[in-house]
Amino acid sequence: MYNIDDIKKVHLEISSRCNASCPMCPRNFHGYPHNDGYPEHDMTLDEAKKIFAPDFIGQLDEIFINGNFGDAVMNPETVDIVQYFRSHNENLTISISTNAGARDRKFWEYLAQLKTEIVFCIDGLEDTHTLYRQNTLYATVIKNAQTFIKAGGQAVWKMIDFDFNEHQRDEAKQLSELLGFNSFQLIKSQRKDTPVYDKNQNLTHTVGNPKYTEFSVLWKKRTTDEVLLEDIVKHRTEKSISCKVKQKKSIYISSTGDVFPCCFLGFSPKTYGHGNYHQAANKQFSNMIYQNNALEYSLVECMQWFDSIVQTWNIPTFEQGRLVICNDTCGTNQY
């Protein structure tokens with residue numbers, strides 16, 4: 001795909017733990033606590049130093065901290081890790097996407113002083129935000145954003161476009177400007193229709209119009225059904241693949257130091273995903289992965305298996321080995 005000297009961007013997960021319970025996040029079951037095969041780990045400063053040599057940090061243009069399974073606010077060494085990156089590249093863009101529902105004033109001030117951009121995920125206003133960002137408090141998120149902005153930080157308000165908050169788009173944008181956010185992003189998402197459960201399996205509300213809402217029915221399907229490749233390719237067509245991360249010269253590194261071409265391929269492919277899309281999608285390539293942990297091998301060694309992914313792009317059909325994840329994520333038109 002490319003060699004280590006080409007890399008200009010790293011998408012990094014520094015924690016796979018999270019304080020929130022967003023109902024369509026892969027780390028839970030519609031908001032109900034459920035670990036479906038991913039490790040819970042905070043990357044330590046020592047681990048970050050082992051993975052990221054000063055010379056490598058110096059060649060980067062950007063480090064984007066945003067986990068597949070967790071949030072940077074959960075890592076007790078987040079500030080120290082960011083400080084380490086900054087100390088070896090003054091011009092590096094360091095961006096963190098977070099629910100911002102935790103940590104104290106000093107944490108947010110330190111990140112501002114380190115010239116870090118924070119993407120605050122705020123999905124509405126006080127009466128709607130927690131319909132999706134469960135277990136976060138809107139008032140806390142806004143307070144943390146204000147602390148960060150007042151300390152000189154560059155802040156982005158990122159809002160997922162849901163039916164329940166569409167009437168607040170303009171007001172949220174206006175509030176972001178009033179509070180001093182640098183920009184406002186309205187994000188289209190496939191996260192539309194879902195029941196939402198609490199930790200006791202009680203249905204609290206729905207997002208959109210889910211077909212089923214009974215916990216026992218969905219739980220049985222998720223925990224006992226096996227999802228096969230034929231189940232997820234029924235209505236898919238093969239597309240021409242134009243790899244986004246190859247163009248951006250980017251790689252993804254998980255909280256445990258596992259290295260992948262992108263975050264879409266980085267959902268703990270050897271262990272995660274029973275009863276859902278990733279069970280079949282991950283199975284297509286999990287046996288291609290070797291020596292990809294950067295705490296055990298050099299980044300050069302960790303990237304060697306990427307070529308196996310590239311070779312699948314010209315395979316005619318999914319059944320023959322064309323990767324569904326690559327097709328879904330980077331497919332541009334009919335193959």
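Close-up 1. Arg236 is partly exposed, as its relative accessible area is 31%. (Buried is under 20% relative accessible area, exposed over 50%, partly exposed in between, with a 1.4 Å probe and protein chains only.) The two side chains meet in a salt bridge, 2.9 Å from N to O. Asp328 sits in helix α13 and Arg236 in the loop between α8 (229-232) and β11 (239-241), so the pair ties together parts 92 residues apart in sequence. A salt bridge here means a side-chain nitrogen of Lys or Arg within 4 Å of a carboxyl oxygen of Asp or Glu; by that rule the count is 12. Helices (H or I, at least four residues) and strands (E, at least two) are DSSP runs, numbered from the N terminus.

Keep in mind that this is a predicted model: local features need pLDDT of at least 70, side-chain atom pairs count only at pLDDT 80 or more, and totals for chains, interfaces and linings use all residues. Residues are numbered from 1 along each chain as its sequence is written, and side-chain values use heavy atoms, leaving out hydrogens and water.

**Close-up 2. Arg133 paired with Asp123.** The closest N and O atoms of this salt bridge are 2.6 Å apart. Both residues lie in the loop between β6 and α5, 10 residues apart. Arg133 counts as buried at 12% relative accessibility, and Asp123 is buried at 0%.

**Close-up 3. A salt-bridge network around Arg169.** Asp161, Glu166, Arg169 and Lys188 are linked by salt bridges. Within this group, Arg169 and Asp161 meet at 2.5 Å, N to O. Arg169 is partly exposed at 25% relative accessibility, while Asp161 is buried at 3%.

**Close-up 4. Two faces of helix α6.** In this helix (residues 169-179), the buried residues are Ala172, Ser176 and Leu179. Looking down the axis, they fall within an arc of 75 degrees, so they line one face of α6. (The arc is that of the directions from the helix axis to the C-beta atoms.) Over on the other side, Asp170, Gln174, Glu177 and Leu178 are exposed.

Close-up 5. Most residues other than glycine have a negative phi. His30, though not a glycine, has a positive phi of about 55 degrees; His30 lies in the loop between β2 (28-29) and β3 (32-33). Gln291 has a positive phi of about 45 degrees and belongs to the loop between α10 (277-283) and α11 (299-302).
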